[in-house]
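Visitor: I would like a close look at one part of this model, the salt bridges and what surrounds them. Could you walk me through that part with the cut-offs stated?

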Amino acid sequence: MNGAAAPERSPSPSPPPPPPAQAQAPTSPTPTQPLDWRFSQVFGERSAGEEVQDVDIISAIEFNKSGHHLATGDRGGRVVLFERIDAKDHACRKDAEKADYSISRHPEFRYKTEFQSHEPEVQEKKVKKVSEMNLDRSTAPANGSPGGVGYLSPSLSNGNALKLDGISCLRLPVVTSQETSLAASCRRVYAHAHDYHINSISNNSDGETFISADDLRINLWNLEISNQSFNIIDVKPTNMEDLTEVITSAEFHPTHCNTLAYSSSKGSIRLVDLRQSALCDTHSQIFEQHEAPGSRSFFTEIIASISDIKFSKDGRHILSRDYMTLKLWDIKMNSGPVATFQVHEYLRPKLCDLYENDSIFDKFECCQSGDGLQVATGSYSNIFRVFGCGTGSNEATTLEATRNPTRRQLQNPTRAARSLNTLTRAVRRGGENTGIDANGNSYDLSTKLLHLAWHPSENLIACAAANSLYMYYA
């Protein structure tokens, strides 16, 4: 200390070996501080009193694997592609951040192109999620145009989900480039494999296959074969009157090509190993949390239904969203979630009203930061919540999707947060007061933030409020 030399010491015996490693959580050398979120930009902002058409409401948001492109889909079947422009002067933004100077510009995207993904007759049905899109002109065959041909397609090396709700076939478009203008044409159609609306699509890490899921079945496809798929999961009963559970979301493991997870309307998550059998009706693991005896009500199963699941980037955890909470699961510990984040506890006294106006069936998505230290999900009044799940974090931040987002820290003073690697039971934090929303204001059920996405490597969140796309960075 203060430059003074330490006193000499005689050699001491070697220290004993460290104890066996426990379950690992997202690593952090010190307790993480709440992120300071700032407004970055907005596309399609409405003016006061402007009426929004249903077909213009955004129903999908997804970054590509590098984070240089962002795609959105709307209920009218349009897909809009944005490209990043603030980091173009640097070969890699990550490398620039490691350098001994700061980047002065905040993350900035600009409109690139758009195309009609689905026919007008299904425009009222929404694209649920848009996966990674690659714009590659260098490897495409020439077609006589100055820029050749580029392909806009799901990444073959990324496990991100491509979720579609309200359509029964999948389309793989081709984007033709003529200098700066792009035009899309359908490259491949995967049709006639589902009788019900598709709710999930997920690319496999093997780069060759993907799954599509509806309420009752999950099919396995080869990317190069569009007229044949294999039914690997079928929960349809012989008599439909005996149906008690449906599939709500499905996703491949990000690195293990033989593993996938799917969630159900009963609040369970099943992990499936494709090596066990051709028909994977038997799961290898199941993750579920049962209600305490005597606490069940008419609404118990409805609010337990899982609307979205996400694997963490390293595949060690699964993030799930039900109506009331956000839960983080360790795939090596199925006794219960390692952390539970309260999102809609203030709505519990209003469940009857929410059932009457169908709000209780709203499907909110969830996302996780690339380093695994934060999770996020949306809520009513166009707000979204960001929770810290790293070592020692008490982060529970609320922001509104506006140019000037309000911000409030909500913490549970009765129980401190604990590291995921030492948890033996669930952590609950971020609960709100009954009767008010997370901002302390009366909530507005007509404005809801259902869709959001986290940049794969930076603290940048894109979220949708009706037809407007907002971006925030920290």
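**Salt bridges and their surroundings**

Guide: D56 forms a salt bridge with R78, and the closest N and O atoms are 2.6 Å apart. The term salt bridge stands for a side-chain nitrogen of Lys or Arg within 4 Å of a carboxyl oxygen of Asp or Glu. This pair links distant parts of the chain: D56 sits in the loop between β1 (38–43) and β2 (58–63), R78 belongs to strand β4 (residues 78–84), and 22 residues separate them. Helices (H or I, at least four residues) and strands (E, at least two) are DSSP runs, numbered from the N terminus.

Before going on, two notes on the source. The model is predicted, so local features need pLDDT of at least 70 and side-chain atom pairs count only at pLDDT 80 or more, while totals for chains, interfaces and linings use all residues. Residues are numbered from 1 along each chain as its sequence is written, and side-chain values use heavy atoms, with hydrogens and water left out.

Both partners of the pair are partly exposed: D56 has 31% relative accessibility and R78 has 22%. Here buried means under 20% relative accessible area, exposed over 50%, and partly exposed in between (1.4 Å probe, protein chains only).

Next comes R270, whose side chain meets that of E245 in a salt bridge (3.2 Å, N to O). R270 is in strand β15 (residues 269–273) and E245 in the loop between β12 and β13 (247–252), so this pair also links distant parts of the chain, 25 residues apart. R270 counts as buried because its relative accessibility is 15%. Salt bridges that share partners join D56, D74 and R78 into one network.

Another salt bridge joins the side chains of D195 and R217 (3.9 Å, N to O). D195 lies in the loop between β8 (181–190) and β9, and R217 in strand β11, so the pair ties together parts that are 22 residues apart in sequence. D195 is exposed, with a relative accessible area of 64%.

R217 leads us to a sheet. In it, 4 strands form an open sheet in the order β9-β10-β11-β12, with antiparallel pairing. Its edge strands are β9 (200–203) and β12 (225–234), each pairing on one side only. Two strands pair if DSSP finds at least two bridges between them. Strand β11 (residues 217–222) pairs with β12 in the antiparallel sense over 6 bridges, and the bridge partner of L220 in β12 is F230.

To place these pairs in the whole: a search of the entire structure finds 20 salt bridges.
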